Amino acid sequence: MVAGYARATATLIPTYDAIDPAALYAPVRPVFPKPPARVLDVGAGTGRDALWFARQGFDVTAVEPVDALNVHARTTGKSIEWRNACLPDLQGLQGQHDLIILSAVWHHVHPEDRARALGRLADLLAPGGVLVMSLRMGACNPDRPGFDVDPVRHPLPLPDTLRSVAPLRAASQQSANRNGGVSWIWLICHKVGN
């Protein structure tokens, strides 16, 4: 999957950067903490969203395993801490974050790794923090395959410290995806306890 993204960076970078983060996150923005809360953007791609959060005054750590995307991101978001890691383990990451974002990432996590990935995300989430993830409904590019993430057929294996609220449906921000029948479901999980 990482190799497929690396091969497509010339096309993906302008496509990703054309998306307006304010419009993308409008359905879930009410659950975001106030700046200068700590934000962890997992699968940050070009850094578009990380930069948007940083410009609003958040303390941002961006994680991206695709070097070709990560290099572009480093040139646009110098106020952001960049890390090269991937789910399910996010090796090397420490600390607790008030908001963890997974935008267009979860469908790439193998079903056998999802419980471990959610446990790791819960460990990185501060008490009272919020995990927000988008789930892709519809076919993936064959060069960047994904797994079924329908929350009805495949309920999230949430650890005891995470509580989810009702999912929110949203149209794709990309016209090519909308035309291809792709839509998104936003899932919001709150951390309870320690």
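Helix α4 buries R48, D49, A50, L51, W52, F53 and A54, where buried denotes under 20% relative accessible area, with exposed over 50% and partly exposed in between (1.4 Å probe, protein chains only). Because seven of the eight residues of α4 (residues 48-55) are buried, the helix is largely enclosed by the rest of the structure. Just after α4, G57 adopts a positive phi of about 100 degrees.

The model is predicted, with pLDDT of at least 70 required for local features and 80 or more for side-chain atom pairs, while totals for chains, interfaces and linings use all residues. Residues are numbered from 1 along each chain as its sequence is written, and side-chain values use heavy atoms, leaving out hydrogens and water. Mean pLDDT (the predictor's confidence in each residue, from 0 to 100) is 84 for the protein chain, and 78% of its residues reach 70 or more. Where pLDDT is low, the predicted coordinates should not be read in detail.

E64 lies in the loop between β2 (59-63) and α5 (67-76). The side chain of E64 reaches the backbone nitrogen of G45 at 2.5 Å and that of V66 at 3.0 Å. Beyond its neighbours within four places in sequence, E64 is in contact (heavy atoms within 4.5 Å) with G43, A44, G45, L69, N70, R83, N84 and A85.

Key. Helix = DSSP H or I, 4+ residues; strand = E, 2+ residues; numbered from the N terminus. Polar contact = N/O pair within 3.5 Å; in protein donor to acceptor, adjacent residues only side chain to side chain.
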